[in-house]
Structure formats: structure tokens, C-alpha cells
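Let's walk through this model together, one feature at a time. Keep the sequence and the 3D view side by side as you read.

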Amino acid sequence: MQKRLASLKKQIDILEQQVNISEQQNYQEHYFDEHLFNTTKINTDNAFYLEKIKQTFQALVNNVMNQKDEQIVYLSEMLVNQITALTRELATHQLRKKEESKLSFQETLSEKHCRHLDYLRRLQEMKYELLLSAESIDPIKIATLDNRIYRCEQAIKNIEQELDTESGIY
């Protein structure tokens, strides 16, 4: 177990170096799943998420010392998911930056609406595939997808309201 903790600590240290050299990006809405990092506030600082990862790691270490098996499993999964999320964000930041520069800043509401509908379709497909998988159904993953689907639906409703306002329909 100590080797695994040391490996996780090493990954966190590498992640910290990457966060320190990365360019910060301002998010207009939640970028990470609120439950993954236990926050409802939109935070634009990757260091904030790194600190959350360190807190989860410390809680994991404490539970390993106290031999609380259920908490160890839960915190291990959460920590791996947190590290994966932040690592993926840092790795794809440059790609998104290039993609955003290619996108017109004048994206129409209709284009935004179509893009969000595509996001919703993909999220629903992910949930459907998860429900049909031969493995045991993971209620946490399903709940996470349900939360993302709900947020996507809310964004679509907001865009539709803007479209209605723009076209003069009330």
C-alpha cells in the first residue's frame, strides 16, 4: 500500500509542476464536475483543484493509517478521477486554445444551440451504454452523468430563451 501511496504522491507532484507552468484559463461555467471536487463555486484557478487533490490524498493517507477499507476504496477512486480530470484539462488546454482561436468569436446562438444539443446527445449515449454494459451498474457514474445531462439541458433552455428573445418571441 505504501508503494501505491508513493506513486500517487509522485503523480500529484508532477501535476503540481504542470499546474505551475500552465497558462490559466477563465471558465464561464463549471468546467469540472462539482461533486468530483466538492465545490459549487466556479473556480478559474487550477491551483484550487490541485489543492483539492492534495486534500483528498491526505484523507486517503489518514484512512490507510486507520485501516478504514470502505473509505480507502472511495477516496482512491475519487483521487484517481480528480488526477485524471486535471491532467486531461492541462493536456488538452493547448488544443482547446487553438480550437477556440479558430472558432469565430461571433458564434451565433443557433450554432451554440446545435453544439449543446450534440453535447446532450453524447451524454445520453454515454449513459445508455453504461446502463447496457455487462458489468455491474455503477450508480455513482450514472448519477454523475445525470448531473451533467441536467446541466446541459439547463444550458440548452437558457440558449433557447435567448433565441426566443432575439427573435422577438416571448
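In which helix do Arg121 and Asp118 both lie, and how many residues apart are they? Both belong to helix H4, three residues apart, about one turn of the helix. (Helices are DSSP runs of H or I with at least four residues, numbered from the N terminus.) Before going on, note that this is a predicted model, where local features need pLDDT of at least 70, side-chain atom pairs count only at pLDDT 80 or more, and totals for chains, interfaces and linings use all residues. Residues are numbered from 1 along each chain as its sequence is written, and side-chain values use heavy atoms, leaving out hydrogens and water.

Arg121 and Asp118 form a salt bridge, their closest N and O atoms being 2.5 Å apart; the term means a side-chain nitrogen of Lys or Arg within 4 Å of a carboxyl oxygen of Asp or Glu. Asp118 also meets Arg122 in a salt bridge (3.5 Å, N to O). Together with Glu125, these residues are linked in a network of salt bridges.

Elsewhere, Glu16 and Lys54 pair in a salt bridge at 2.8 Å, N to O. This one links distant parts of the chain, with Glu16 in helix H1 and Lys54 in helix H2, 38 residues apart.

Now turn to helix H5, residues 139-167. Its buried residues (under 20% relative accessible area, 1.4 Å probe, protein chains only) include Ile142, Leu145 and Cys152. The buried residues of H5 pack against helix H4.

Notes. Helix = DSSP H or I, 4+ residues; strand = E, 2+ residues; numbered from the N terminus. Expected span 1.5 Å × (residues − 1). Buried < 20%, exposed > 50% of the residue type's maximum accessible area, 1.4 Å probe, protein only. Contact = heavy atoms within 4.5 Å.
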